[in-house]
Amino acid sequence: MKRIAALIAIVVGALLLVLGLIFLIAAIANPQRLLNALALAVLGVPLIAFGIWVLVREKQLSADTLDDSIVELARRSNAEVTVDQVVAELGVPDQAARDALDLLERRQQARGEWREDRKVYLFPGLKESKVVRRCAHCHSIFSVAQPLHKCPNCGSTEVELVRE
Ligand SMILES: [Zn+2]
């Protein structure tokens, strides 16, 4: 709808400019026409500028453009984002944020999950798999930073490296 209004504004603005040009040509014979030409240009130029601005803004807010920024945001915030976070950090309207997140969900890049009353979007592809030491016996998890040959918890020697 906004898009149609923007296109109409551009077309009307262009028509006014064309009319202005005709008056400009007519001004050669009749200098009074120069004012009409100016008036038409003054009306036409802002209409075209407004129309273009609306179209550019719409493109920026389209789910197809926003999705990359959201993935980037998720990368910085531990592979999960909320609608509020997208709205706040990317400065976009609520609906644009929801549409883009829906698109990411449909493409299975994100997965919505309800936590109490808010929906969190998880990005499994962004989660780095961490390598940890795990005791095969009691399944305790230890950092890989320190060498470990015996589980401090149960004493088992079967401590293995696994991806979390
Ligand atoms: Zn153990």
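**Helices and sheets in a predicted model**

In this predicted model, helix α4 (residues 83-90) lies across β1 and β3, and runs at about 85 degrees to β1.

Me: What makes α3 and α5 roughly perpendicular to each other?

Reply: Let's set the value against the cut-off. The axes of helix α3 (residues 63-76) and helix α5 (residues 94-106) cross at roughly 80 degrees. Angles from 65 to 115 degrees count as roughly perpendicular, so α3 and α5 are roughly perpendicular to each other. The two axes also come within 9 Å.

Me: Why give both an angle and a distance?

Reply: Because two packed helices are described by the angle between their axes and the distance between the axes.

Me: How do you know that α3 and α5 meet, and which residues are involved?

Reply: Residues count as in contact if their C-beta atoms, placed from the backbone, lie within 7 Å. A63, L66, D67 and I70 in α3 meet A96, D99, A100, L101, L103 and L104 in α5. The residues of this contact divide into eight nonpolar, no polar and two charged.

Me: What makes β1 and β3 a pair?

Reply: Two strands pair if there are at least two bridges between them. β1 and strand β3 (residues 118-122) have three bridges, in the antiparallel sense, so they meet the cut-off. Within this pair, V81 stands opposite Y121 in β3.

Me: Why are β1 and β2 called edge strands?

Reply: Look at the order of this open sheet of three strands: β1-β3-β2, with antiparallel pairing. The strands β1 (80-82) and β2 (111-115) each pair on one side only. From one strand to the next, the twist averages 35 degrees.

Me: How do you know that β4 and β5 pair, and in which sense?

Reply: Strand β4 (residues 131-135) is joined to β5 by two bridges, and they run antiparallel. The cut-off is at least two bridges, so β4 and β5 pair. Here R133 stands opposite F142 in β5.

Me: What are the domains of the chain?

Reply: The chain is divided into domain 1 (2-61), domain 2 (63-126) and domain 3 (131-163). Taken over C-alpha atoms, the centres of domain 1 and domain 3 are separated by 73 Å.

Note on methods
Residues are numbered from 1 along each chain as its sequence is written. This is a predicted model: local features need pLDDT of at least 70, side-chain atom pairs count only at pLDDT 80 or more; totals for chains, interfaces and linings use all residues. Domain bounds come from an automatic or database domain assignment. Axes are lines fitted to C-alpha atoms, for helices over the stretch in contact, and angles run from 0 to 180 degrees between N-to-C directions. Helices (H or I, at least four residues) and strands (E, at least two) are DSSP runs, numbered from the N terminus. Angles under 35 degrees count as roughly parallel, over 145 as roughly antiparallel, 65 to 115 as roughly perpendicular and the rest as oblique. Two residues are in contact if their C-beta atoms, placed from the backbone, lie within 7 Å. Ala, Val, Leu, Ile, Met, Phe, Trp, Tyr, Cys and Pro count as nonpolar, Asp, Glu, Lys and Arg as charged, and the others, Gly among them, as polar.
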